[in-house]
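Subject: Structure handover

Hello,

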Amino acid sequence: MIVLLDNGHGGLINGTYQTPGKRKDWGDKGIIYEGEFNRAIVNGIIEALTVLEIPYVNIAPEYRDVRLETRVKRANRYPASQSFYLSIHSNAGGGRGSEFFTSPGNTKSDRMATILGQMYKKEFPDRILRTDFSDGDLDKERRFFVLSKTKMPAVLTENFFMDNFDEFQNILMTPEGRRKIINFHVQAILAIKKELF
């Protein structure tokens with residue numbers, strides 16, 4: 001099993017954020033850049049997978065904002081039956097909690113999203129898991145480019161809300177909060193490897 005890790009959006013280059021928007025400025029409380037957060041989580045997952053000897057690929061290691069088409073093209077070089085695509089994000093838009101997205105239809109991706117949801121609730125039992133059980137499982141289904149154009153199973157995780165001050169201050173910008181986000185992804189990867197590969 002090869003884990004194809006995608007840290008969404010651009011990062012910081014010489015202090016300049018590479019993606020328009022995708023940030024929340026809380027004034028004297030601090031600012032969160034989604035691309036920086038995404039990279040921190042992916043880097044933590046990479047560190048854990050290295051120790052666990054689970055193969056992975058960082059799909060967009062650059063700090064510039066890599067085009068979606070390029071991310072998908074890079075991913076599709078790997079065998080679909082032996083890999084899965086995991087895109088890491090943080091949400092915005094006035095909500096709270098986390099949610100997991102797959103492409104429409106009942107696919108292997110749905111089972112992976114369910115495992116991610118289970119591990120999320122183990123790590124964050126008191127936090128909201130935003131779900132849509134209309135098709136019998138917890139994932140939300142959207143035709144996001146990286147989900148619908150990749151050949152392998154793919155899940156996009158939205159980890160809490162940058163524009164929710166509680167989640168910004170107590171989870172997204174704390175070492176402990178980030179460690180727990182990394183941990184539930186790693187535990188899910190281990191379970192996915194055991195159950196689905």
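Is Arg74 buried or exposed? With a relative accessibility of 18%, Arg74 counts as buried (under 20% relative accessible area; exposed is over 50%, partly exposed in between; 1.4 Å probe, protein chains only).

The model is predicted, with local features needing pLDDT of at least 70 and side-chain atom pairs counting only at pLDDT 80 or more, while totals for chains, interfaces and linings use all residues. Residues are numbered from 1 along each chain as its sequence is written, and side-chain values use heavy atoms, with hydrogens and water left out.

Arg74 forms a salt bridge with Glu62, and the closest N and O atoms are 2.7 Å apart (a salt bridge is a side-chain nitrogen of Lys or Arg within 4 Å of a carboxyl oxygen of Asp or Glu). Glu62 is partly exposed, at 21% relative accessible area.

Over the whole structure, the search finds eleven salt bridges. One of them pairs Glu36 with Arg178, where the closest N and O atoms are 3.1 Å apart. Glu36 belongs to helix H1 (residues 34-52) and Arg178 to helix H6 (residues 175-196), so this pair ties together parts 142 residues apart in sequence (helices are DSSP runs of H or I, at least four residues, numbered from the N terminus). Arg178 is buried at 15% relative accessibility, and Glu36 is partly exposed at 28%.

Glu69 and Arg67 also meet in a salt bridge, at 3.4 Å from N to O. Arg67 is exposed, with a relative accessible area of 53%, and Glu69 is partly exposed at 39%. Asp6, Asp65 and Arg71 are linked in a salt-bridge network.

Regards

Notes:
Helix = DSSP H or I, 4+ residues; strand = E, 2+ residues; numbered from the N terminus.
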